[in-house]
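Dear colleague,

Please find below the sequence and the structure that I am handing over to you.

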Amino acid sequence: MSRRVVRQSKFRHVFGQAAKADQAYEDIRVSKVTWDSSFCAVNPKFLAIIVEAGGGGAFIVLPLAKVWQIPDYTPMRNITEPIITLEGHSKRVGILSWHPTARNVLLSAGGDNVIIIWNVGTGEVLLSLDDMHPDVIHSVCWNSNGSLLATTCKDKTLRIIDPRKGQVVAERFAAHEGMRPMRAVFTRQGHIFTTGFTRMSQRELGLWDPNNFEEPVALQEMDTSNGVLLPFYDPDSSIVYLCGKGDSSIRYFEITDEPPFVHYLNTFSSKEPQRGMGFMPKRGLDVSKCEIARFYKLHERKCEPIIMTVPRKSDLFQDDLYPDTPGPEPALEADEWLSGQDAEPVLISLRDGYVPPKHRELRVTKRNILDVRPPSGPRRSQSASDAPLSQQHTLETLLEEIKALRERVQAQEQRITALENMLCELVDCTD
């Protein structure tokens, strides 16, 4: 009689657990838009959720700390004025993704089948990829150093793109043969992990080597549910978590160099279906409790944290679970990346835990007003110094006037807040 050999893995016993009810965020009207997106983003300080609103585009930002401190003159109103407005797409934008190593570099993809890469600090269009996708773009993912993109499209093609050269360096048609949307993410080994559907509408996952797209490294059928599988990949552990839209479970797999390459670990199940999901960066986890992943599951009217843990008896820091991980500091400036430089992420240690900086502010230069212009192909935008002297003088005057108006508005808001406080005191006195 042969004995079955169990594969050894430190992640074999990872288990998921929903946070207690008092840790959930309630009375949130999650968006009902029929877009296959996670609807949620999270970092160690804040949680952002797309919410239901007339006309769309509204989102709520909540601090993860439960104790709030409200300054004296903070106006209790919705923020309607953006720091900067990026105009270039002709249709609705459905995908946003920050560059993993370059400062203020943001990718956007819209219903116009165009990918635009911006310098948010100046408002400039750095690159525009407008002739590579003949149909709706379903997903876009950077590789670890931001030199390549992996995209999936309604035309059923998986593409690897060098954005600075404006070239498709590899592509695979019908990585999954079904007509439903595909998703793709880079792994730390440089492979591409995909989710999609078979011709018979079964959900499917795949692992591909972009240097040889002829045959998949691995291809596994899952089930017959209709929800698109959203992959969340952790490069530190090489675990990929699959969250299906409308599912009530999270399945997770470990990707290794050993056959069958994609190894099933376990499933976290709950009673209620998920509308969307947020994935906390590794630096926001509680290393003292051996937490290796945390999700923020969106219900119809609330957001529920789900914690993934490796059971360990020791209270010491677990080096094997927490290698140095990408931190918040950029390795490159936007101009350096655009000129052709690449750099791996700046890593930080989690041995003593990660403390987010108290204040990080987007630095916007004057060029955000001077140089925003419609994209016309891969190029660098004209700088302010290239404009005629008289035009520069006029625009500088406008900038000074805008600054003065903002200061005036802030002063008026402080005055209104003070009057509101006085009115509340008077009402209390009459009561």
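The notes below describe what was found, beginning with the basis of the values.

This is a predicted model, in which local features need pLDDT of at least 70 and side-chain atom pairs count only at pLDDT 80 or more, while totals for chains, interfaces and linings use all residues. Residues are numbered from 1 along each chain as its sequence is written, and side-chain values use heavy atoms, with hydrogens and water left out.

**Nonpolar cores**

A nonpolar core is a set of buried Ala, Val, Leu, Ile, Met, Phe, Trp, Tyr and Cys residues joined through side-chain atoms within 4.5 Å. Buried stands for under 20% relative accessible area, exposed for over 50%, and partly exposed for what lies in between (1.4 Å probe, protein chains only). The largest core has 26 residues, of which F11, Y241, I250, I292, F295, M308 and Y322 touch the most other members. At least two residues of this core come from each of the strands β18, β19, β20, β21, β23 and β24. Strands are DSSP runs of E with at least two residues, helices are runs of H or I with at least four, and both are numbered from the N terminus. Leaving aside residues up to four places away in sequence, F295 is in contact (heavy atoms within 4.5 Å) with residues including F232, Y241, I250, M277 and M308. Another core, of 25 residues, lies apart from the largest one; A170, A175, L205 and V240 are among its members.

**Salt bridges**

Side chains of opposite charge can pair when their charged atoms come close. A salt bridge is counted when a side-chain nitrogen of Lys or Arg is within 4 Å of a carboxyl oxygen of Asp or Glu, and by this rule there are 16 salt bridges.

One of them joins E254 and R7, whose closest N and O atoms are 3.1 Å apart. This pair links distant parts of the chain, 247 residues apart, with E254 in strand β20 and R7 in the segment before β1. E254 counts as buried because its relative accessibility is 10%, whereas R7, at 25%, counts as partly exposed.

R103 and E333 form another salt bridge, at 3.0 Å from N to O. R103 is in the loop between β6 and β7 and E333 in the loop between β25 and α1, so the pair ties together parts that are 230 residues apart in sequence. R103 is partly exposed, with a relative accessible area of 25%, and E333 is also partly exposed, at 36%.

The salt bridge between E171 and R159 has an N to O distance of 3.9 Å. Strand β13 holds E171 and strand β12 holds R159, so this pair ties together parts that are 12 residues apart in sequence. E171 is partly exposed at 47%, while R159 is buried at 6%.

**A polar contact**

T122 is located in the loop between β8 and β9 and counts as buried, at 4% relative accessibility. Its side chain makes a polar contact with the side chain of E124, at 2.9 Å. Such a contact is a pair of N or O atoms within 3.5 Å; within protein, one must be able to donate a hydrogen and the other to accept it, and residues adjacent in sequence count only if both atoms are side-chain atoms.

With kind regards
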